[in-house]
Amino acid sequence: MFPSVMLHRHKTEAIRRFHPWVFSGAVKRADKGLQAGDVVEIFSDDGAYLGTGHYGTGSVAVRVFSFVRVNDLQQLWIDKLRSAYQLRKSVGLTDSAFTNTYRLVFGEGDGLPGMIIDWYNGTAVLQAHSVGMHRQAAAFAEALKVVYGNQLKAVYDKSSDALSKAEGTNAVAGEYLFGNPETDVVNENGHAFKIDWIGGQKTGFFIDQRDNRQLLSVYSKGKKVLNTFCYSGGFSVYALKAGAELVHSVDSSAKAIELTNQNIALNALNENKHQSFTADVFDFLRDCTEGYDIVVLDPPAFAKHQSARHTAIKAYKRLNLAALNKMKAGSLLFTFSCSQVVNSEMFTGAVASAAIESGRKISILHQLSQPADHPVSIYNREAQYLKGLVLYVE
Ligand code: SAH
């Protein structure tokens, strides 16, 4: 039996339509003594069961992970992981040596709000964004063993940063919940990447750019490419492997540049064609004199909350203008935003206003998004966070 939360009569519509968040304003009454992270059952005030989820003390009062009654939490996690796995299998991600890294669980998109699990060639890296999910970390490690059997070599909990930021809790240390990794090298579309899930950013790798990197390789042969905000060099490796004449990688983090250089070496690419720069992208763009055929702009989320949205939109405009001002006639700009609170229209608007100010003739060739292993529930489209445009600049 779980404690309960009752909603106001006229506030049950969203949950009946499978929206996974119950906002605090919808709660009429909650059992006494509830703490953030407790599992609760949600009812309407006429006693109808509506869902089960994790209680939270912020603006989201419950993150719902089931719309049918739950008797056995462990079995629920196993069932959820199995269906998440099935989705990845159906798009060809689970049985290929060509690509052996993918996102297994994408929070709400897989009916598990607050939980991210990435698969790195035998190691599952889990990142909980809520106290409730973090309490279940060991249970998820057990569920992963059931789903993957002996394919699973290790489970690492990388909840540290995400959790303290999301819920104001004390930072938790990263730790192995199971096993020992057999390797830290993965393949993505046949390209090798070394993943540092312990010291790296997020869960170690930006899996969400897989399809967009592949698109870059289509255009890279014989080209001079600038990859800004390169992190571990994903776009750089694809461009070089596809025959780029020259690739410059830029990141302000020395650690990121080290990872990039390692990944260039790992793919046995011609190091004379690659150069990396530990620099701020705005400074680099201001000072650069090289004429690039392709520029990639993939900054970190400029806005993490609604309150920062306006400043973020201005930053996207400033960044895109800085790049457009340097672009050759006939060049391509791959420009991205991963800020969830800046939607696709706002992002395109920011880029359009940079285009107007640059005075260049610009066409949109591609409108990009996140790959299939970052699914978006049709009832919760806020989870569509990655936006990209490929522009032709005349
Ligand atoms: N394109 C990458 C992911 C980018 S993540 C990939 O495909 O893997 C964003 C990166 O931007 C981080 O590595 C961070 O260190 C870097 N960064 C953040 N602010 C920066 C700035 N002002 N100048 C240069 N790099 C910056």
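In the predicted model described here, helix H2 (residues 73–90) packs against helix H4 (residues 137–148) at an angle of about 50°, with their axes 9 Å apart. Axes are lines fitted to C-alpha atoms, for helices over the stretch in contact, and angles run from 0 to 180 degrees between N-to-C directions; helices (H or I, at least four residues) and strands (E, at least two) are DSSP runs numbered from the N terminus. H2 and H4 are therefore oblique to each other, given that angles under 35 degrees count as roughly parallel, over 145 as roughly antiparallel, 65 to 115 as roughly perpendicular and the rest as oblique. The crossing of H2 and H4 is right-handed, a crossing being right-handed if the near helix is turned clockwise from the far one by less than a right angle, and left-handed if anticlockwise. On the side of H2, Gln-74, Trp-77, Ile-78, Leu-81, Arg-82 and Tyr-85 meet residues of H4 that include Phe-140, Leu-144 and Tyr-148, where contact means heavy atoms within 4.5 Å. The residues of this contact of H2 with H4 divide into 11 nonpolar, one polar and two charged (Ala, Val, Leu, Ile, Met, Phe, Trp, Tyr, Cys and Pro count as nonpolar, Asp, Glu, Lys and Arg as charged, and the others, Gly among them, as polar).

Residues are numbered from 1 along each chain as its sequence is written, and side-chain values use heavy atoms, with hydrogens and water left out. Because the model is predicted, local features need pLDDT of at least 70 and side-chain atom pairs count only at pLDDT 80 or more, whereas totals for chains, interfaces and linings use all residues.

An open sheet of six strands with mixed pairing runs in the order E2-E6-E5-E4-E1-E3, two strands being paired if DSSP finds at least two bridges between them. Strand E2 (21–23) and strand E3 (27–30) stand at the edges with a single partner strand each, so one side of each is left without a neighbour in the sheet. Neighbouring strands of this sheet are turned by 35° against each other on average, direction ignored. E2 pairs with strand E6 (residues 60–66) in the antiparallel sense over three bridges, and Val-22 stands opposite Val-62 in E6. Helix H2 packs on this sheet, touching strand E4 (39–44), strand E5 (49–55) and E6, and its direction makes about 70° with that of E6.

Across the whole structure, a search finds 20 aromatic pairs. The rings of Phe-65 and Trp-77 have their centres 5.0 Å apart and their planes at 65°, so this pair is edge-to-face (rings of Phe, Tyr and Trp, the last by its six-membered ring, pair if their centres lie within 6.5 Å; planes under 30 degrees apart count as stacked, over 60 as edge-to-face and the rest as tilted). Phe-65 lies in strand E6 and Trp-77 in helix H2, so the pair ties together parts that are 12 residues apart in sequence.

A further open sheet, also with mixed pairing, is formed by seven strands in the order E16-E15-E14-E17-E18-E20-E19. Its neighbouring strands are turned by 15° against each other on average, direction ignored. Strand E17 (residues 294–297) and strand E18 (residues 331–337) pair in the parallel sense over four bridges, with Val-296 opposite Phe-334 in E18. Helix H6 (residues 210–219) packs on the sheet, and its direction makes about 175° with that of E18.
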